[in-house]
Structures are given as C-alpha cells and as structure tokens.
Amino acid sequence: MVLEKTFGSKLFDVLLVVFLGGTALLCVLPLWYTLSVSLSENAAASAGRVGLWPVGFNLSAYQEIMGDSKFFNSFWISIQRVALGASLNFVIILLLGYPLSKNAAVLPFRNVFMWILVFTMLFNGGLIPWYQTIKSLGLINNIWALVLGHSVPVFSVILVINYFRNLPKELEEAALVDGAGPWQMLINIFMPVAVPVLATVTLFSIVYHWNEFFNGLVLMSNADMYPLQTYIQQLVVIIDAQTMTAEQIQKMSELSNQTLNAAKIFIAMMPVLVIYPFLQRFFISGITLGSVKE
Amino acid sequence: MTCNMKTRGYAKHYYLMLLPGFIWLTLFSIVPMFGIVIAFQDFNPGLGMLRSEWIGLENFKYMFTLNDSKSIFFNTIFIAVMKIVANLIVPLVFALLLNELRISVLKRWIQTIVYLPHFLSWVILSGILLDIFSFNGPINAVLSMFGVSPTLFFARADLFPFIIVGSDVWKEFGFNTIIYLAALTGINPSLYEAAAIDGASRLQRLRSITLPGIMTTIILLSVLSLGNVLNAGFEQIFNLYNPLVYSTGDIIDTWVYRTGLLNLQYGLATAMGLLKSVISFVLIAASYFLAAKFANYRIF
Amino acid sequence: MSRIKKRFQLLLATMLVILPACSNSGPSNEPNPATGEVKPSETYTQEDPFGKFQEPVTIRIGKEIDATDKSLPAGDSPENNQYTRHVKEQLNVDTKIVWQAAAGKDFEQKINLSIASNDLPDAMVVKETQFRQMVKSGQLEDLTEAFNKYASPTLKEIIETTKGLAMQSVTVDGKMYALPNVTPEADMVHYMWIRKDWLDKLGLEPPKTIDELEMVATAFVEQDPDGNGKADTVGISGPQLGGNLHADFLNPNNNNFGFDPVFSSFHAYPGFWIKDSEGKTTYGSIQPETKEALSKLRDFYAKGLIDKEMSIRKNAQELVKNGTAGIYFGVWWSGGYGPLADAIKNNPEANWQAYAVPLDSNGEFTPHMGNPSNQYLVVRKGYEHPEAAIKMQNLLYRDESKFDVNVAIGNYPLRLVYAPMDVMDVTYNVMKEILAGTKQPDEVDRPGYNLLKSDAENVKKVKLEPYDNNDIQYWDPDADIGVWKRMYSTLVGIAPLQQPFKRTYSLTYSQTKTMERKWATLDKLEKETFLKIIMGAAPLDSFDQFVIDWKKQGGDEILAEVDELINP
C-alpha cells in the first residue's frame, strides 16, 4: 500500500477507526449480553436484572453443559453435517459454476440450464410435498437428509459463475496452449484462482449447515439425531401456556433456565467464530494468487 | 474466436460436470415443485394432492378481498423495499470504509466482529431489542440527555417500520459485507499503486478503480435482491409486533400465520408463496433482459 | 444476499408458521353445552378393559419427549422402559415410536406435518385444533364402540365429572373421534394475586371491589411500598408481548397476566359467546359491559396504575420477579409454578397471596369458565385395534401407583393427563386435614387422585407452623423447591375457590364455518381496538365503531352460526 501524508487523509483515518470500532462494538453487544446472562444467577437473569455485567457471577451453567451428553451428541451431529454438507456443496458449486460460466457457443443450451437454476431458486412447492419427497427417498432420520435437503445452493453457484466470467480470457488460452483438458483446466487452473469466491461460498455453506434448525426438526424422527441448533431451538421456544395441561406447565417451569440456555447459545456460536477468521485468510491469499497470474 | 474452436469438443465434459448438480436439483427441488398445485385447491390432507377439490383462483382472490389487505400489502412492500435498499447500501459502504482502513489487524478484527449478530436468531435478538428500546432502556436514556422525553417505541405505529428495518440492517450488514469484501480482494493491487503514482486522491481511486472493480457484484446483488420485494421478514416482525402497531407492522406473512392459527390453510399459504415467487421471477427476468438489452451485460 | 440464499428456508419457515394450528368445526351439530349431553349409549356390552390380546398387537405412535428427562435407567429408552414392558406384559401390545419430539411447539409441528402429509402413526395425542382438522380430513377412526366396550369404569367416571363437556368436545355427528383428557376446573378461574407484605406495610386491606382495587393500586404506585425511596413500583402488571388482554373461547384457560377478572367484575366476557340480557346469543366483546370495563382499564392506565409497558414488555413475570409489581391476575398455579420461586429468591419477603376478586356490584365473584379437555387421543382411520389405545389408558390409570416413581411418568406411551375436575379442591381439603392433624398421610387413598398420597407425605416438608397461615415466612421453599411450588400453588392458589362463585361458560368452545376465513380479521380488529383504547391511543368511543365494523365484517354471520349451533 502506498502511504499518504496529508492532514485530511490522516484525520479521515482517525475518524474511520473511531467509526468502524464503534460499529463493531455495537455488534458485539448481543453476544456480550448472552455471555453475561450465562454467567449470572438464574433468578436475577429471569427478573431482567442482568445487563452488560453478570449478576451473581457463577459458572454452574457451563458445568451443567459439560455433563449433558445430549448437547455433545447434537454437537457431533452438527459437525458431521457441516463436514459432509460443505464438502458436497463445494464440489457441486464448482462443477456447476465452471461450465455455466462458458457462453452458449461453447456449451449449447447453457441458458436453458441457467434459467432452470434461477427458477428453482425462486419457486418451491412448499413444505408438504418436499417432506413427502424426502420420505419417499427413504432419508427420514438420516443425516443425508440434512446434507441434501435444501438442494443446490443456487445463489452461490451464480456468484461463482460471475467470478469465473470476470477472469481474463488469457488464462484459458494459455492453458489450452499447454494442452490442458477440461478437467485439468478446472482443477489446476481455475480452482486455485477462484479461492476468494470459493472460500466465501464455503463459508456460506458452513454457516447454513451449522445454523439451520428447521430441517433437523422436521426430517429427524428421533431426538438423538438432532443437530445442535435444533437441540437449542427446543430450549428457547416460546411457551404458550394457554393450550398446555397443568402438568406440562409444571415441567416447563422447571425447564426454563435462562442462564443455561444462554450458555448453550454461546457455546453453539463458538465453532463458526473460530472458523471464520480462518477462512478470512483465504480471501487475502486470493489477492496474492490473483496478482501472480498477471 | 479460436478459443471457442478449441474448446468446442469439451461440451460433453461440461455436461458431465453439470450432471450431479442437476440430479440433486431434480430430486430435492424440481420434484417437490409439483406441490404448487395446492395453491389452486381446497387442500384436504386426507385426500392428498391428487384428489383434493380444485377451486381455481379462490385462494388468490381471498387474499385481495380482505378489508385490510391494502394496508397489509402496503406494509409488506414498504418494509421489504426499505430493507432491500438498506441492505445493499450499508454493507457496501461498510466494505468500502473497511477497505480504506490501513491497520490490517484492526481490519480483520472488525470484519470478524460485525458479522456476529447474524448468528443470533430473532427470538433471542428481539428480547435484547425490547430491552434496548424499553421505557427505561439505553435509547430513552440517551434521548433524555438531549431533553427528549422518553417514549414507548414499540407502541408507536409511526416508528415501527423504521425500527424493523434498522434492526434488520444491524443484524445482517456484517454478514452481507462478506461478498463485497471478497469482490474487493479480486481487484489487482497494482492498479492502486499505479494510481498513487499518478497522484490520484482517495476519492478518485474509489471512483475509478474500486467501484468499477466491484460493479458486477453490486449489480448482481441488486438484481437478485429483487426477489425479496414481498419478504418483509416474518420471524423478526412476529417476535416484535403487537396490536398497537398492526396498522403499520402487520405483513402478509404474519397475517397468514394468524389465519392459520384458526385452521390450517395450506392452500392459502401455498398461494401466497406462489404469488411471491411469480413476482420475484418477473422482476428478476425483467432486469435481466433490460440489462442485456441496454447495457449489453448478462447478470448470470 | 445471504437472505436470497436462505430463501427456500424462509419459505419453509413461512409454511411452518401456518402449521402450528389448524382447526375446523366441520359439519358440526354438537349439543348445547348449557343443556346437551352426549351419553354413552347403553347398547354396548362392556368387555374386559384389561383383557390381554391373544396375538401380539403393534401400535405405532408419535410421542412427545422431555428433552431434559434423565430418569430413564441406563439401557432404557422412550421406546423400551418399565411402562412399555408393562403394557406388553399385561396387554400383549408392542409400542413402536415412529417419531418423537420435545413437548410443546416442536411436538406440535411434528403432528401438523404428520397430518398435512397424511403420514400418520396408529395413534397419538393431539390438541383441539389438530383434532378438528383431522376430523375434517376424514383421518380418524370412530372410537364410539371401542370406548363404550373397553374403557374402564374409572375412566368413564372421570370423564363424567365434566358433566358432558369432555364428551361434547370429541363428538362430531354423534360419533366419538377421540378420547378426551380431563384437566382440573381450577385451571379455568382467573383472580387477583397481590403483595400482602405491601398491603401490611401501607396498612391496607386486600381490595374487594374495583374501586378498592384502584385505591390499593394507587397506594402501591405512590407510597413507595418497597421502601427504596424511588418511585419505581408498578401497580398492576399486564400481559406481555404477544399476551392477551383476556382469554377467549378458543383458549379459555390459563391466561395469566390478563385482565379477565376485571372484565368479569363488570359482567363483561369479551371473547366468549354468551346470552345477552334478553336471552339472545351474542358475543361478549361487543356488549356495553365490555365498553364499561375498557373504560375503567383505560382510566387505570392513564393514571399509571397499570404497567406502562403492558403488551410490549417481553416477559410479564419480570416485574413480579424483580419486585416492582404489586398486583397481577392469574390462575391457581400462576404463582407457585410461575415467577414466585425466583421472586422470593430475589426478595424472601415477597408475600404473594391470592384472592377471588374483584367482585361485581352485588359483591359476587363472577369469572368466566373454560373447557376441561385440551388433549385428545386419536387413532388413525383403518387401524385394526383402536381398543388397544383405550386399554393402555385403562391400564395406566389402574396401575399408575405401582410403578417405580423415579422414572418419569411421561414415558408411558400415549399418556393422557387425567385429573378429575375437582382434583385441586380435593387436594386442598386433604392438605388442610393433614396439616390440622385430623388425617394421617397413610390414610389417604383415593382412586383417581393419584398425586394425593405423595402430596400428603410431603406437605409438611415445606409448610411451617402455624399451619393455617399461608404467609411466605411460614414456608420453607429451600427444603424442596419442587414440593414448595406445588404446595404453595395448592394452599395459596386454591383457597380463593373454596367459596361459592357464579360461573359463566361460553356457549361454544369451537369454531363455526365462517370463522375459518373471517376470524383472523375480526380478531385483529378487536385486539387492535381494545389495546388502543386501554393505552390511550384511540378514544373510548372507537368501541362503538368497532361494534359496527365487527358485525359488518362477518360478525353477524358468525353469530347466526353460533346461534344455530346451540339451538339446532
């Protein structure tokens, strides 16, 4: 980077740091609050007395989670789901994105395929037929239902297509001169160059598979197969007392433990927070690779 | 082009590449799509999709015959369009500002932090928002320092849509910044160096290098976000609204939900979904052809 | 952007949200709750309610589970435990769980999906709305014969304690499509809970009338009852965000933190179908009494006697827990099982007591009442052995006391909660006798009242002497917080119901045809108008326009249907 020394530019830098730092602080607040609740006494938390600092500091919520085998079981399911789902998405996105970045002269009916993709992104038949389809494929209560259930991430495919299309033409021509076939071209030339966009869409896949809870609820018939967010969702649902039996209410009253729930939410966020900075490095390495090719 | 000549034989390999994706798409997306027929039925689960009674456009007509359908549609579009615009511009501005930051450690920290709210669900965030905007909450405390008397924000129908849009931007801008940042890394740094040697100011560099470099991304995101003109955000509004703000905050999805509370209106819900899809599709297709015709630019 | 990507998921979520409920009255000719009664026909011969099947019978069920249940011994599961083995041994019935979900919304979603995709287990326990939907879709087996032949006499007796209400709710076209549960009558009655320590401190008596309530609430707001020198106390706590001002005919029970008793003290029954002074069928919300009650609540709110943030506060219990509210309205369990355990942890002197007030102008307590059934055991149409499901209930009720109590009873397959309507009154009176020493725990044994014995054994753990004083200082919650919750709810919460009061029932607790399409609109109109009136965002007279609009936008049509329903 080239440095400038003008006063205006310096002032701008200072303001920038203040503004961006302030915005960042604003975004930490909810997580900080969740952490603060998780470290507080339950009575204080549910009375709304906990603010940005824990009231009656204790670690009992975290101790309890350590002994909760269901939590860790779901954690493990989620990890499997993310690993399978993100890998599968990566392969499919690449395999769809690369050929579709070619024009219709190279790939006849390219536009037909493209419009089918866009169409499926916008239209769906609703929950019931979707569920029936997955059931008839025999995937209910199977981790593959979670991996495959949402179908192709079309939006990510479009991002990748556009990235490939914006690459210089010389890249392909040079490879052709070297006698590379279509598969070598994809794997050896285009994939390495597309690191920034592939890292981005992979992040999206990871985040989707980690955070998605509804499919877990609908497609898994056994609570032992719930991914983590589905497990957590069971804990934070709003209780509608009017339609419950007194006995259910009694059970709920023992269940509602705000500090414990906050601790679980906090822990559940951790993996993505750890992974994100790691993927961020790839965005940066994308620059380096991008400049080498020139 | 010679290039095309050489690669023409590659087509069958390309089709082979497309095959797994399209099999997946067919099984999990195209096959279930036949469920759209429910929108035209008085769906009876006992009879199923094939034997339920066909009622034509009845479900669609019903949506427009309501006394308050005008306000519900208006609220939905008003909130959704504001969200689309804000969620395009704020992340873009933020990404550009972040790009100007020269302390790379700080840059990475901020980038990591701002996307945090994205991971909290509205069930959790709404509780925090209600606290922040409560009568004794921090917003009112700050306002009172400027001599403004405290107000019950969530009882104010006039403010409700703006609180909804503002909080949505706050939750999502960090995450939405990611695509812009990825696009920014694609710009060749040597261009900036050359510009600096030519003595271009920051603003000039922004205008002539940065913006053109990510224009594709901006246009792409704008067009695709047109698909959201009827998505005002059910989960968020459902967790925050109350009867006092029905006049400005009740949207199609919350309305369908309340109707569904009484009896499961599969047909109505599917019809609603279909209407949204059709409108999105028309808008996206139109912008695709307009861009192709007037700017000679293909979006996808 | 990420939003577009999530579009499919969002659409699903939209579908999901309309799923959590469904109901339909169908072609309904249910009898008039006030007079009609569906009597089991006498022509059936009673078979052995506990008869063992010759050949093994398999029943596939959908089951709610408790996510935090740790009571099953190692190796056991919801599908294989002491209860399922008992069922197999006694009845030769194998239970197979085809899907399970956590109690509450998750379980409901599973059921709704199951109904919508017509992918039904042989039997499951559903809610009223789901039951109606399944009847309408023709998905249910007629249980009339199975019930009459196989239900045990005890089961039939408990159902009869509802005086026909339970049977009405499951009978459509003269056929019984589900086995209803029975919940305590106490769940239906809402009354006032108040900080007695504040009353004592300010030298006040518990209020009886609306005017006294106003006076006390004013004192609570103005005279610093918590003694912290700050004007931070709230008179009356109101409903929370998403809560209701009052219960209605669809959800008549357990509306804690609403204003139900205030309305009923004016003989206003908003949300209920009632007879007006001329004996005509009408809707409570459009009656002049409701306007009167709204006017009073509006007045209270304007004077600052009701929580300023009512209906936008995220949790109404907060004010009770943090000791800023002095009054709220709720049912018997709304204290002990509600916020009080946390409230006394935050302030051990918070002495919440319950009173059946406010009274009407004649000095009478006149609450609205609800429906005793809210769980329905249904059997899929075409299942060969509907009697298996009935027999399992018989068996549960006969043998419940023989099981190892350490294993949560919720693990019993297809369990319906049965409590005789008067269970809480009986419990209250037995506890009184135990405490007075006129009865010993080992003398307590009443079939059908299955928690009575353990209650009798436990009550003295948490109740301190003097036994006839229920003030908070004479309790020991720390001895066993679970027992304390139940006993405080019983002794404090049921006491107000030990005097006669005038019950008002809704003419119907289910929907009519027109409601299916028009109720959402009418309901919105009503909620918006009432809340705006109380909170001062609309003039009181907007009530009159509301009545006109309500009638015009389908109300009249629905009224005619309700009238038709009860006077066929």
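Predicted model: local features only at pLDDT ≥ 70, side-chain atom pairs only at ≥ 80, totals over all residues.

Mentor: What follows just after the helix? There B:N296 takes a positive phi of about 50 degrees. As background, most residues other than glycine have a negative phi.

The secondary structure of chain B comes to 15 helices and two strands. Chain B is divided into domain 1, residues 1-56, and domain 2, residues 73-294. The centres of these two domains of chain B, taken over C-alpha atoms, are separated by 30 Å. Their contact involves six residues from domain 1 of chain B and five residues from domain 2 of chain B. On the side of domain 1 of chain B that touches domain 2, four residues are nonpolar, one is polar and one is charged.

The overall dimensions of chain B deserve attention. A compact globule of 300 residues would have a radius of gyration near 19 Å, but chain B has 24 Å. Along the principal axes, the C-alpha atoms of chain B fill a box of roughly 70 × 70 × 35 Å.

Chain B also meets chain A. This contact takes 73 residues from chain B and 74 residues from chain A. Which element gives the largest share on the side of chain B? It is helix α2 of chain B, residues 11-30, with 13 residues. By class, the residues of chain B that touch chain A divide into 47 nonpolar, 19 polar and seven charged.

Chain A has its own division into domains. Its assignment gives domain 1, residues 1-58, and domain 2, residues 60-292. Ten residues of domain 1 of chain A are in contact with ten residues of domain 2 of chain A. On the side of domain 1 of chain A, α1 (7-38) and α2 (42-46) each supply at least two of the residues that touch domain 2. Elsewhere in chain A, A:F109 has a positive phi of about 65 degrees although it is not a glycine. This residue, A:F109, is found in the loop between α4 (69-100) and α5 (110-122) of chain A.

The C-alpha atoms of chain C fill a box of roughly 75 × 60 × 60 Å along the principal axes. Its secondary structure comes to 20 helices and 13 strands. The domain assignment of chain C gives domain 1 (22-183 + 372-411) and domain 2 (190-368 + 504-566), and 34 Å separate the centres of these domains, taken over C-alpha atoms.

Helix α18 of chain C, residues 481-494, packs against helix α16 of chain C, residues 423-436, at an angle of about 95 degrees, with the axes 10 Å apart. That angle makes α16 of chain C roughly perpendicular to α18 of chain C. In this contact, C:M424, C:D425, C:T427, C:Y428 and C:M431 of α16 meet C:T490, C:L491 and C:I494 of α18. By class, there are five nonpolar, two polar and one charged residues.

Helix α17 of chain C, residues 452-462, also packs against α18 of chain C, at about 100 degrees and with the axes 9 Å apart. These two helices, α17 and α18 of chain C, are therefore roughly perpendicular to each other. The residues C:D455, C:N458, C:V459, C:K461 and C:V462 of α17 meet C:V483, C:W484, C:R486 and C:M487 of α18. This contact has five nonpolar, one polar and three charged residues.

The loop between α17 and α18 of chain C holds C:P466. The peptide bond from C:E465 to C:P466 is cis, with omega near -5 degrees. A cis peptide bond also joins C:V357 and C:P358, with omega about 0 degrees. Here C:P358 lies in the loop between β12 (352-355) and β13 (376-379) of chain C. Most peptide bonds are trans.

Terms used. Residues numbered from 1 in each chain as written. Chains lettered and ligands numbered in written order. Contact = placed C-beta atoms within 7 Å. Helix = DSSP H or I, 4+ residues; strand = E, 2+ residues; numbered from the N terminus. Nonpolar A, V, L, I, M, F, W, Y, C, P; charged D, E, K, R; others polar. Domains from an automatic or database assignment. Axes fitted to C-alpha atoms, helices over the stretch in contact; angles between N-to-C directions. Parallel < 35°, antiparallel > 145°, perpendicular 65-115°, else oblique. Rg over C-alpha atoms; globule rule 2.2 N^0.38 Å.
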